[in-house]
Amino acid sequence: MIRGAFAGMLLLCCWRSAFGLGAKLNLMNGTGVCAVFALDPRLEQDTLPIGDFPLSRLLLSNDSNYPWFILVPRREDVSELFQLDVTDQLQLWRETTELAETLKDSFDADKLNVATLGNVVSQLHMHVIVRKRDDAAWPAPVWGKHPAKPYSAEEVAVIRERLRLVLTDDFTFLEG
C-alpha cells in the first residue's frame with residue numbers, strides 16, 4: 001500500500017497525466033519523484049493533440065493532405081522500440097492496432113502506413129497514416145511529397161468528433 005507524501009505525489013502525477021496538462025506530463029519514476037515527459041519540440045510544432053491511450057499520446061499531424069496520426073509513448077528518453085519494457089512494447093502494439101483498425105473503418109482507407117522511423121525526431125513515435133488511392137501522394141510515401149496543408153479549426157473538429165464516436169473507453173480526449 002502507498003502511504004503519506006509518496007501517495008500524494010503519485011496522485012498528483014496521475015491527475016496531471018490524466019488531464020494532459022500541456023506538452024509536459026508528470027510520471028512517477030522509481031524513486032517516488034515525478035519525472036517529466038516532454039514531447040519533442042518538432043512533434044509539438046507539427047501536430048495537434050487529440051488525447052491519450054493508457055501508454056501513448058495521440059497526435060494529429062497538421063497536414064490535411066492525409067489523415068496522419070502519431071502515437072508517442074509517454075516514457076522519458078526512449079528512442080527505440082526495444083528500449084520499452086516488454087509490457088510497454090505490447091501496450092504500444094495494442095494501441096497501434098486499435099488505432100489502425102479504427103482509422104481504416106472510420107476513414108475508409110485503402111491502405112494504412114504504420115511505421116516508426118525517427119530519423120528527424122528521435123523520440124519514439126509511431127506513425128499511422130490513412131492512405132487512399134486518390135490522396136496527394138499515392139502510391140508514393142507521404143514524406144516530402146507535398147507541402148503540408150494545415151487543418152482548419154472546423155476540419156480538426158470533424159476529425160475529433162469522428163474519433164469520439166469510435167475510440168474505446170481506454171482513450172481520454174484532450175480539449176482543444
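Here is a walk through this predicted model, from its overall layout to a few of its salt bridges.

Some ground rules come before the tour. Residues are numbered from 1 along each chain as its sequence is written. Because this is a predicted model, local features need pLDDT of at least 70, side-chain atom pairs count only at pLDDT 80 or more, and totals for chains, interfaces and linings use all residues, while side-chain values use heavy atoms, with hydrogens and water left out.

Let's start with confidence. The chain has a mean pLDDT (the predictor's confidence in each residue, from 0 to 100) of 84, and 79% of its residues reach 70 or more. Residues 1-34 are another story: pLDDT stays under 50 there. The model still has 49 contacts (heavy atoms within 4.5 Å) beyond four places in sequence for that stretch. Where pLDDT is low, the predicted coordinates should not be read in detail.

Now for the layout. You'll find four helices and eight strands in the chain, which are DSSP runs numbered from the N terminus (helices are H or I with at least four residues, strands E with at least two). Starting at the N terminus, their order is α-β-β-α-β-β-β-α-β-β-α-β. Of the 176 residues, 41% count as buried; that label means under 20% relative accessible area, with exposed over 50% and partly exposed in between (1.4 Å probe, protein chains only). Take the contacts between residues at least 6 apart in sequence, and 53% of them join residues at least 24 apart.

Next, the salt bridges, each a side-chain nitrogen of Lys or Arg within 4 Å of a carboxyl oxygen of Asp or Glu. The count comes to seven. One of them pairs Asp 52 with Arg 74, at 3.2 Å from N to O. Asp 52 lies in strand E3 (residues 47-52) and Arg 74 in the loop between strand E5 (68-73) and helix H3 (86-106), so the pair ties together parts 22 residues apart in sequence. Both residues, Asp 52 and Arg 74, are buried. Together with Arg 57, they are linked in a network of salt bridges.

Another salt bridge joins Asp 88 and Arg 75, with the closest N and O atoms 2.7 Å apart. Asp 88 lies in helix H3 and Arg 75 in the loop between E5 and H3, so this pair ties together parts 13 residues apart in sequence. Asp 88 is buried at a relative accessible area of 10%, whereas Arg 75 is partly exposed at 31%.
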